[in-house]
Amino acid sequence: MPDEELSMLCTAAISEITGQLVHRLSGADPQTEQLARLRVLTYLQLAVAQQCDQTAARAASSGAGYPQLGQAAGLTRQGARRRWPGLVTVRVDRAARAVRPSSSTDRSR
């Protein structure tokens, strides 16, 4: 799905959810309704940020690196690293490690 289409769908979904929640909170006064809308949007923003953090942690534990996290979140690799510091740890492939020879000489020969 193209990003533009996804953005439009998300905007419509947020608008619908916000409207449903505002309907429960507000009165007939336009100012009260707009303040209720702002309150709902603020809480939705916090909830989305928490969900992003949890999902990024699960993606990292599944093997995703900062480049993949950044791409999914619309950030650069560096931006993802700043947003979620320490989330991705450096993985060293044990088979790729170089075996260092012992510094002592083998005197058994």
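Predicted model: local features only at pLDDT ≥ 70, side-chain atom pairs only at ≥ 80, totals over all residues.

Q: How many helices and strands does the protein chain have?
A: Helices (H or I, at least four residues) and strands (E, at least two) are DSSP runs, numbered from the N terminus. Here the protein chain has 4 helices and 0 strands, and from the N terminus on the order is α-α-α-α.

Q: What share of the 109 residues counts as buried?
A: Buried means under 20% relative accessible area, exposed over 50%, and partly exposed in between, with a 1.4 Å probe and protein chains only. In this protein chain, 14% of the 109 residues count as buried.

Q: Is T18 buried or exposed?
A: T18 is in helix α1, and it counts as buried because its relative accessibility is 1%. G19 is also placed in helix α1, but G19 counts as partly exposed because its relative accessibility is 27%.

Q: Which residues does T18 touch?
A: Contact means heavy atoms within 4.5 Å. Not counting residues up to four places away in sequence, T18 touches R37, V40, L41 and L44. A polar contact is a pair of N or O atoms within 3.5 Å; within protein, one must be able to donate a hydrogen and the other to accept it, and residues adjacent in sequence count only if both atoms are side-chain atoms. A polar atom of the T18 side chain lies 2.7 Å from the backbone oxygen of I14. As for G19, its C-alpha atom is separated by 7.6 Å from that of R37, and the two are 18 residues apart along the chain.

Q: What lines the largest pocket?
A: A pocket is found on a 1 Å grid over the protein atoms alone: it is an open set of points where a 1.4 Å probe fits, with protein on both sides within 12 Å along at least five of seven lines, and lining residues have an atom within 4 Å of a point. The largest pocket is lined by V48, Q51, C52, T55, A56, A59, Q68, L69, A72, A73, R83 and W84. Helix α2 (30-61) and helix α3 (66-73) each supply at least two of the lining residues, and α2 gives the most, with 6.

Q: Which residues line the second largest pocket?
A: The lining consists of C10, A13, I14, I17, Q45 and V48. Both α1 (3-25) and α2 give two or more residues to it, and α1 gives the most, with 4.

Q: Which residues form the largest nonpolar core?
A: A nonpolar core is a set of buried Ala, Val, Leu, Ile, Met, Phe, Trp, Tyr and Cys residues joined through side-chain atoms within 4.5 Å. The largest one here has 8 residues: A56, A60, A64, Y66, L69, A80, W84 and V88. Helices α2 and α3 are the elements that give two or more residues to this core.

How values were computed
Residues numbered from 1 in each chain as written. Heavy atoms only, no water.
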